[in-house]
Amino acid sequence: MADAAASPWRARAMGLVLALVVYALDQGIKAWLLGPLRLRDVGVIDLLPIFDLRWTANQGVSLGLFTADSTEGRIALIALTGVIALFVLVWMLRERAAADIAALALVLGGALGNITDRYLLGHVTDYADLHFGEFRPFLIFNFADAAITVGVLIILARSLLSRDKPETTADTSSKEPI
């Protein structure tokens, strides 16, 4: 019985480790791109016919929503995303299913990476540019954005595909007492 109780806590601890790994990878990639590769100065590094590294300072959140170009707006956006990250952390620490914990960890690690950018730089550094000629199915994004997106998709898929089966009970109401 103690092993069953320890299992969710083990999964939660692994979730925290995963969130830290996502955060570290996000910050490490950005440091590498802005440091040795000088992406901010170069502007664009062509990698593949459909994928470039393109420096972008994102003042808002996904899809350019909630652009924060003032100090007050930036602080409000940091506070809002901080509250969301705190909500995700609490949800993750209460969750029991390992897959949901992993998905929430992806969201948490990505959120922390983007919050750090916004706090330290005043914007989020985006760089991944997937395109097919002039067609861009996504806006320019970063590792944190990808982790958040994958985490949210896992949560949505699991909530839509995993239906709780109703308990079956013997129907004794139609039987006559003997």
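This is a predicted model: local features need pLDDT of at least 70, side-chain atom pairs count only at pLDDT 80 or more; totals for chains, interfaces and linings use all residues.
Local features need pLDDT of at least 70 and side-chain atom pairs count only at pLDDT 80 or more, while totals for chains, interfaces and linings use all residues. Residues are numbered from 1 along each chain as its sequence is written, and side-chain values use heavy atoms, with hydrogens and water left out.

Let's start with the charges. Side chains of opposite charge can pair when their charged atoms come close. Taking a salt bridge as a side-chain nitrogen of Lys or Arg within 4 Å of a carboxyl oxygen of Asp or Glu, the count comes to seven. Lys30 pairs with Asp26, with the closest N and O atoms 2.9 Å apart. These two sit four residues apart in helix α1 (residues 2–34), so about one helical turn separates them. (Helices are DSSP runs of H or I, at least four residues, and strands are runs of E, at least two, numbered from the N terminus.) Lys30 also bridges to Asp117, at 2.7 Å between the closest N and O atoms.

Buried here means under 20% relative accessible area, exposed over 50%, and partly exposed in between (1.4 Å probe, protein chains only). Lys30 is buried at 4%, Asp26 at 0% and Asp117 at 3%.

Elsewhere, Asp52, Arg54, Asp129 and Arg136 join up in a salt-bridge network. Within it, Asp52 is buried at 5%, whereas Arg54 is partly exposed at 25%.
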